[in-house]
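Visitor: I have a chain to look over with you. Can you walk me through it?

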Amino acid sequence: GINAEYGGTFLAEEILCKHRVPDRDTQFPFIQDDLYSASQPALFLLDAKYQLWLWQGWFEVSEESDKTTGSARQQFARNKKVAMETVNEYVEQLMLAENPKVFPIEAGYEPVDFTTLFPVWKEREDVRKYAEKKPDIANRGAGGRRTSINTAYRILTRTEYTLEELKAKPEGVDPAKLEEYLSEEEFMTIFEMHREEFKKLQKWKQVVLKQRKGLY
């Protein structure tokens, strides 16, 4: 696996199975505690040969924790974006003959074909409540549909949203600058002025206008 912990700099560290034998397949190479005991939110790439998994940790909602701020969530979204790029580079450089499928998954919502890679797996109901988006539990089985890493990457790198979409504060957007993700046409319709005119307004006026439109 490759672990990248929360922080200002993205660092990837290779973690080898402790009972790994070179040039031989290792049965049950992963331990759940490696994922859940890491400083959260963490990112792990688990290579299961025919499938790769980008496991995403969670933010614990706490008044004392600065990891719940908008800037921290933005940083984690950027980390996930870089992690996805790292995964694609990993597959490309190793030229994996198996051409494995790669899936991002969230802590607490791991599918069955992921948890069976571990000798023991304990469901963590306490972690589910922290998930950014609640996956469909019905699709957690081996045959369930799930988002590919390329689709997830396109979502994280999206630069334009509608007003209604922005009201939900999509992952990866700057919550203090939601208006910047509007198309030119919709921006004009909503604020009745060009983007450059809006930027020339005093900050408090910008805030008032964004509050009226649900963009703050």
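Guide: Gladly. One caution: this is a predicted model.

Visitor: Noted. How many helices and strands in the protein chain?

Guide: The protein chain has 9 helices and 5 strands. From the N terminus the order is β-β-α-β-β-α-β-α-α-α-α-α-α-α.

Visitor: What share of the residues is buried?

Guide: Of the 216 residues, 38% are buried. The accessible surface is about 13,300 Å², and carbon and sulfur atoms account for 50% of it.

Visitor: And contacts between residues 24 or more positions apart, what percentage do they make up?

Guide: They make up 57% of the contacts with a separation of 6 or more.

Visitor: Let's go to the strands. How many bridges join E4 to E5?

Guide: There are 6 bridges between E4, residues 51–56, and E5, and the two strands run parallel.

Visitor: What stands opposite Trp55?

Guide: Ile105, in E5. Trp55 is buried, as is Trp58.

Visitor: On to the rings. How many aromatic pairs does the structure hold?

Guide: It holds 15. Take Tyr36 and Trp121: the ring centres are 6.0 Å apart and the planes are at 70 degrees, so this pair is edge-to-face.

Visitor: Where do those two sit in the chain?

Guide: Tyr36 is in helix H1, and Trp121 is in the loop between helix H3 (112–115) and helix H4 (125–128). They are 85 residues apart, so the pair links distant parts of the chain.

Visitor: Tyr36 first: buried or exposed?

Guide: Buried, since the relative accessible area of Tyr36 is 10%. Trp121 is buried too, at 18%. The cut-off for buried is under 20%.

Visitor: Back to Trp55 and Trp58. How are their planes set?

Guide: At 85 degrees, with the centres 6.4 Å apart, so that pair is also edge-to-face.

Visitor: Which residues form the aromatic cluster?

Guide: One cluster takes in Phe30, Tyr36, Phe44, Trp53, Trp55, Trp58, Phe103, Phe114, Phe118 and Trp121.

Visitor: What about charges over rings? Where does the charged end of Arg128 sit?

Guide: Over the ring of Tyr109, 5.3 Å from its centre. Arg195 lies over the face of Phe187, with 4.6 Å to the ring centre.

Visitor: Back to H1. What does Gln32 touch?

Guide: Gln32 lies in H1, residues 32–36. Leaving out residues up to four places away in sequence, Gln32 touches Phe118, Val120, Trp121, Lys122 and Arg124. Gln32 is buried, with a relative accessible area of 11%.

Visitor: Next, H2. How exposed is Tyr90?

Guide: Tyr90, in H2, is partly exposed, because its relative accessibility is 23%. Beyond its neighbours within four places in sequence, Tyr90 is in contact with Leu45, Asp47 and Leu52.

Visitor: And Glu85, which helix is that in?

Guide: H2 as well, which covers residues 70–94. Glu85 counts as partly exposed, at 31% relative accessibility. The C-alpha atoms of Glu85 and Asn150 are 9.4 Å apart, and the two residues are 65 apart along the chain.

Visitor: Now H5. Which of its residues are buried?

Guide: In H5, residues 149–156, they are Ile149, Ala152 and Leu156. They lie on the same side of H5, because they cover an arc of only 60 degrees around the axis.

Visitor: Why would residues spaced like that point the same way?

Guide: An α-helix has 3.6 residues a turn, so residues three or four places apart point the same way.

Visitor: Backbone now. Which peptide bond is cis?

Guide: The bond from Gln40 to Pro41 is cis, with omega near 0 degrees. Pro41 is in the loop between H1 and strand E3 (42–47).

Visitor: Buried or exposed, Glu192?

Guide: Exposed, with a relative accessible area of 68%.

Terms used:
Residues are numbered from 1 along each chain as its sequence is written. This is a predicted model: local features need pLDDT of at least 70, side-chain atom pairs count only at pLDDT 80 or more; totals for chains, interfaces and linings use all residues. Side-chain values use heavy atoms; hydrogens and water are left out. Buried means under 20% relative accessible area, exposed over 50%, partly exposed in between (1.4 Å probe, protein chains only). Helices (H or I, at least four residues) and strands (E, at least two) are DSSP runs, numbered from the N terminus. The arc is that of the directions from the helix axis to the C-beta atoms. Two strands pair if DSSP finds at least two bridges between them. Contact means heavy atoms within 4.5 Å. Accessible areas come from the Shrake-Rupley method with a 1.4 Å probe; for residues, only the protein chains shown count as cover. Rings of Phe, Tyr and Trp (its six-membered ring) pair if their centres lie within 6.5 Å; planes under 30 degrees apart count as stacked, over 60 as edge-to-face and the rest as tilted. A charge sits over a ring if NZ of Lys or CZ of Arg is within 6 Å of the ring centre and within 35 degrees of the ring normal.
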